[in-house]
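Subject: Structure for you to look over

Dear colleague,

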Amino acid sequence: MKYGPTILDIRKAKKISLKNLLQDQMTPSSYSRFVDKKTETSVNNFVALLENLNVTFDEYLYINNGYQNSRYDQLYRKLTTALKADDAPALIVLVNQINAFAQSSPPTTCG
């Protein structure tokens, strides 16, 4: 996933100057390569950019996902609502959705 273009969109929407965003944390050329999807940046730089944009990581993910919660978050919220309501029919539907989600997701490995 490329994160730079969303940083650029947020910066423009908030009308933050490049100088105020970068604050000597990274060079303008490094930033340019990052937002143009030519390279990634370090976690430290990314966190600094978010801080200088006054955006949390969760807010960033929401924006990066087209102003929608991720599919995982949507299922989680539906699941917790159904559990709290003791709604067995909804839980059955959600179990089927979760199984479909798990089958469509690429496997992950640890270590």
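Predicted model: local features only at pLDDT ≥ 70, side-chain atom pairs only at ≥ 80, totals over all residues.

Helix packing

I begin with helix 1 (residues 4-14) and helix 5 (residues 57-64), whose axes come within 10 Å and cross at roughly 100°. With that angle, which falls in the range of 65 to 115 degrees that counts as roughly perpendicular, helix 1 is roughly perpendicular to helix 5. On the side of helix 1 the residues that meet the partner are Thr-6, Ile-7 and Ile-10, and on the side of helix 5 they are Tyr-60, Ile-63 and Asn-64. Sorted by class, this contact between helix 1 and helix 5 has four nonpolar residues and two polar ones, with no charged residues.

Helix 1 also has a set of buried residues, namely Gly-4, Thr-6, Ile-7, Leu-8, Ile-10 and Arg-11. The cover over the buried residues of helix 1 includes helix 2, helix 3, helix 4 and helix 5.

The other pair I looked at is helix 6 (residues 71-85) with helix 7 (residues 88-104), where the axes come within 10 Å and cross at roughly 160°. Because angles over 145 degrees count as roughly antiparallel, helix 6 is described as roughly antiparallel to helix 7. The crossing of helix 6 past helix 7 is left-handed. Helix 6 contributes Arg-71, Tyr-72, Leu-75, Lys-78, Leu-79, Ala-82 and Leu-83 to the contact, while helix 7 contributes Ala-90, Leu-91, Leu-94, Gln-97, Ile-98, Ala-100, Phe-101 and Ser-104. By class, the contact of helix 6 with helix 7 is made up of eleven nonpolar, two polar and two charged residues.

Aromatic pairs

The structure holds seven aromatic pairs, and two of them deserve a description here. In the pair of Phe-34 and Phe-46, the ring centres lie 6.5 Å apart and the planes stand at 80°, so this pair is edge-to-face. Since Phe-34 belongs to helix 3 (residues 28-35) and Phe-46 to helix 4 (residues 43-53), the pair ties together parts that are twelve residues apart in sequence. Both Phe-34 and Phe-46 are buried.

Phe-46 also forms an edge-to-face aromatic pair with Phe-57, with 6.3 Å from centre to centre and 80° between the planes. Phe-46 sits in helix 4 and Phe-57 in helix 5, so that this pair ties together parts eleven residues apart in sequence. As to accessibility, Phe-46 is buried at a relative accessible area of 12%, whereas Phe-57 is partly exposed at 43%. Tyr-3, Phe-34, Phe-46, Phe-57 and Tyr-60 form one aromatic cluster, and Tyr-60 is also among the residues of helix 5 that meet helix 1.

Two residues of helix 4

Is Asn-45 buried or exposed? Asn-45, which has its place in helix 4, counts as buried because its relative accessibility of 15% is under the 20% cut-off. If neighbours within four places in sequence are left aside, Asn-45 is in contact with Gln-25 and Met-26.

Glu-51 is likewise found in helix 4, but Glu-51 is exposed, with a relative accessible area of 58%. The C-alpha atoms of Glu-51 and Leu-21 are separated by 8.9 Å, and these two residues are 30 residues apart along the chain.

Lys-15 lies in the loop between helix 1 and helix 2 (18-22), and with a relative accessible area of 75% Lys-15 is exposed.

Lys-37, also not a glycine, has a positive phi of about 65°. The loop that holds Lys-37 runs between helix 3 and helix 4, and Lys-37 counts as partly exposed at 48% relative accessibility.

Methods:
Residues numbered from 1 in each chain as written. Heavy atoms only, no water. Axes fitted to C-alpha atoms, helices over the stretch in contact; angles between N-to-C directions. Helix = DSSP H or I, 4+ residues; strand = E, 2+ residues; numbered from the N terminus. Parallel < 35°, antiparallel > 145°, perpendicular 65-115°, else oblique. Contact = heavy atoms within 4.5 Å. Nonpolar A, V, L, I, M, F, W, Y, C, P; charged D, E, K, R; others polar. Phe/Tyr/Trp six-rings, centres within 6.5 Å; stacked < 30°, edge-to-face > 60°. Buried < 20%, exposed > 50% of the residue type's maximum accessible area, 1.4 Å probe, protein only. Left-handed = near helix turned anticlockwise from the far one by under 90°.
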